[in-house]
Structure formats: C-alpha cells, structure tokens
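Please keep the structure open as you go through them.

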Amino acid sequence: MSAPLKTLLTRPDRLAPGHRMCAGCGAPVAVRAVMRALDPEDKAVVSCATGCLEVSTFTYPYTAWRDSFIHNAFENAAATLSGAEAAYRALSRDGRVQGRYRFVAFGGDGGTYDIGFQSLSGAMERGHPMLYVCYDNGAYMNTGIQRSSATPAYADTTTSPSGTVSQGKPQRRKDMTRILAAHGIPYAAQSAFTADFRDLHAKAEKSFACGGAAFLNVLAPCPRGWRYEARDLMKISKLAVDTCFWPLYEIEAGVLHLTYTPKKKLPVTEFLSAQGRFSHLFPGGEPAEAVTVIQEAVDREWETLGNLDGKRLH
C-alpha cells in the first residue's frame, strides 16, 4: 500500500543538498523523489552512469549520496548493479550480509537510450530485482548538448543544429519505456514531476515492490540544453504533461494504464514556445509547419495510448 505523500515528504533525503547540479535541473528532483520511496529501514546500493548526475554528486573524496554509491562508466551502470545484486543474494545465503538492500541505477538518456542500452537490456532480460531510473533530459547535456536518440524531433542541439539547411534533429525520439516493457519485466512506467508529486512517488514505490526488474523513465528538464529560466522548471514539466508531449502511464504485469489525463489537453505550442531549443520553430513569433507535424505526432501517440489503456501488451 502506498505511503501517504505527506509521510514520504518527511523522510530524510538520501541525496544530500550539497551537490553541484545546476539550478533548475530536473535530475536531482527526480532522484530525491525516487529515493524517498524506499522504506527508511532499507539500505540501498546506487550505481550511476557517467553523466551530469554522477560528476555533480560524487567528486572524490566528496559525495552527496547517503547510501552506498558505485560510479560506473557511461555504458555499464545496469551491468555493474546487476552484479552487485547477484553478489548480495550469494552473501545473504551464506549469512554474511544482513538486512534488506535495494538496488537502484540512475542514468541520463545518453547512458540509457544509447551507450548503456546493451547492458540495461541484459539486466532487464535476466530479471534482476533492481530499479533502473532514466532521468531523461533529451540530449548528452554533460558533454556539450549533443543529440541522443531521446532528443525530440526538431530540437536544436550542437550536433543537430537549426539553421538555413536544418530545423534541428530530423528523427523522432525512441520509445524507450515500451521497449523496456517488451522485455517482460514486472513494471515499467513513464513519469514526471509537476505540482503534484503523487504520480512519481507512487510509481517509484511500485517499482521497489514489484519483486523483479523495473524501469522508470522520468522527464528531467535541463535549463542549459532546453534553454529556460531555472525558476520555470516545474512549469516546463507540467506543460510537457498537459500537452501530452510526455504522457504518463505504467505497464504493470504487461497491462498498460494511463495514469494521468489532462482535464484540458493543451496545444503543444505552449510547451515548445517556452524553450529556446525550439525557438527556431517560431519565426516572427508564428509557428512553422514543423509545429503542426509535432502536434500530429503527439496526437497520434496519445490516441494510441488511449486505445491501449487497460489492455495487455505482453
């Protein structure tokens, strides 16, 4: 049974505030919410792919993590954590480790969708009881805002720049949540933090309680790469959800359920126009044809999810 939100919010933070993440970054907000879902008596082992989160929270000999922390290469966070989980089971059988440990991996979209996909797929296929969390900021932000396969179509990045011959990245982003769910894992979900944190907290709790491998894809806006004011973090996240640009759903035991339906679905222009990475789509303040293409894609995806709501996928 889910703990009341007020109870969760009073739990001590397992990520200390003394980190070096940018003001207005979504990643530490996502991390703190996920880690709050752990029972206070639980011990945790955290692995973190190289990226913004790792370099800003762990600079030897300093760490912002209150739990055991493993820094991995870009590509092997899931593989390392699955090894730690297997070692824990072996040591527990021999009575050499006591207490309940939880295993959580964090990676950005570069270390999840692209470079780390092979090791993540392997860990999910093997069914290790661990949670992998992608803080999806839609590009390789730590190394210079290069496009990834999570970068939305038409976004301006340093390797898919907008200009006279290009309108940004030409490809759509990869549907990572459903790709991971297709591994047959007990739980996969897509979430975000808005003015109401219940969705993210509830999904994190379900991830830890599912008894097997779980994947949580959390939208994590980036002020540098998305080009918005730090104070607008929550506004940007809420617009992504209310325009259905980032739909919220879960796939539990193979069945898909929408977990949020906006009372009034906003046009995608409200989300796009709030960010500098899409400013080229509004020449003279008016939306370009590409905005219509994006809106049509968002509408199709929302209709698809609506048709799948309540149905078994795997």
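Is phenylalanine 74 buried, partly exposed or exposed? Please bear in mind that this is a predicted model.

1. Phenylalanine 74 comes out as partly exposed, with a relative accessible area of 22%. The cut-off for buried is under 20%, so a value of 22% puts this residue in the partly exposed class.

2. The ring of phenylalanine 74 pairs edge-to-face with that of tyrosine 140, at 6.0 Å centre to centre and with 75° between the planes. Tyrosine 140 is buried, at 14% relative accessible area. Do have a look at where the two partners sit: phenylalanine 74 is in the loop between strand E4 (68-71) and helix H4 (77-93), while tyrosine 140 is in the loop between strand E6 (131-136) and helix H7 (176-181). The pair therefore ties together parts that are 66 residues apart in sequence.

3. On to the other rings. The whole structure has 11 aromatic pairs. One of them is stacked: phenylalanine 193 with phenylalanine 197, 6.5 Å between centres and 15° between planes. Phenylalanine 193 is buried, with 0% relative accessibility. Ring pairs also join Phe58, Trp65, Phe69 and Phe106 into a cluster.

4. Two charged side chains are worth a glance too. The charged end of arginine 277 sits over the ring of tryptophan 226, 3.9 Å from its centre. Lysine 174 lies over the face of phenylalanine 117, and here the distance to the ring centre is 5.4 Å.

5. Phe106, from the ring cluster, turns up again in the largest nonpolar core, which has 96 residues. Along with Val34, Phe215, Leu216 and Leu272, Phe106 is among those that touch the most other members. Helix H2 (residues 27-36) gives the most to this core, with seven residues.

6. Finally, the cysteines. How many disulfides does the structure hold? The count is zero. For cysteine 22, the nearest cysteine sulfur belongs to cysteine 25 and is 6.3 Å away. Cysteine 22 counts as partly exposed because its relative accessibility is 42%.

Definitions and conventions. Residues numbered from 1 in each chain as written. Predicted model: local features only at pLDDT ≥ 70, side-chain atom pairs only at ≥ 80, totals over all residues. Heavy atoms only, no water. Disulfide = S-S within 2.5 Å. Buried < 20%, exposed > 50% of the residue type's maximum accessible area, 1.4 Å probe, protein only. Phe/Tyr/Trp six-rings, centres within 6.5 Å; stacked < 30°, edge-to-face > 60°. Helix = DSSP H or I, 4+ residues; strand = E, 2+ residues; numbered from the N terminus. Lys NZ or Arg CZ within 6 Å of the ring centre and 35° of its normal. Core = buried A, V, L, I, M, F, W, Y, C linked by side-chain atoms within 4.5 Å.
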